[in-house]
Amino acid sequence: KKKKKEKSTNRPINRPIIMASQWNSGLFDCLDDIPACLCVLCCSPCAYGQIVHILKKGKTGGVFGQCGSCVLFSFICCFTSCSTRGAIRSKYRLPAKPYGDCCLHVCCLQCALCQEFRELKKQNAIGGTYLPNSGLMLR
């Protein structure tokens, strides 16, 4: 008699998602992660591309991250980035505090992007920030 081969269950191992009830840092804690802050201040579209890439892939990616997102952000920044904040909140079960997603992105875009960048780095155990146009990963 021939034995049946067992099917292999080679599934990728995913990092556990830390379910938080609060953001890991406040909206105005930009200086808690200076490399991320510099990335947002020097090139917000590149930082947004990184945020989208981390949200989708769980890691940073290249200079621009998700290139399409970087280009899209350049043209309609506040409108596209507030939906990304909503996706981050939904994925990690975070509250819409201190204000709604679109309100934060219209009134305080750089602070909101910094907070999202810090949150995604924390949730995905990423220790550095890729600085656009430099080729450097700061840790």
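Reader: Is R85 buried or exposed?
Author: R85 is buried, at a relative accessible area of 0%; buried means under 20%, exposed over 50% and partly exposed in between, with a 1.4 Å probe and protein chains only. Keep in mind this is a predicted model, where local features need pLDDT of at least 70, side-chain atom pairs count only at pLDDT 80 or more, and totals for chains, interfaces and linings use all residues. Residues are numbered from 1 along each chain as its sequence is written, and side-chain values use heavy atoms, leaving out hydrogens and water.

Reader: OK, which residue forms a salt bridge with R85?
Author: E116 does, with the closest N and O atoms 3.1 Å apart. A salt bridge here is a side-chain nitrogen of Lys or Arg within 4 Å of a carboxyl oxygen of Asp or Glu.

Reader: Where do E116 and R85 lie?
Author: E116 is in helix α5 and R85 in helix α3 (residues 67-92), so the pair ties together parts 31 residues apart in sequence. Helices are DSSP runs of H or I with at least four residues, numbered from the N terminus.

Reader: And which residues are linked with them in a network?
Author: R85, R89, D101 and E116 are linked by salt bridges. R89 pairs with D101, the closest N and O atoms being 2.8 Å apart, and both R89 and D101 are buried.

Reader: Switching to α5, how many of its residues are buried?
Author: 13 of the 15, so α5 is mostly covered.

Reader: What follows α5?
Author: A125, with a positive phi near 55°.

Methods. Helix = DSSP H or I, 4+ residues; strand = E, 2+ residues; numbered from the N terminus.
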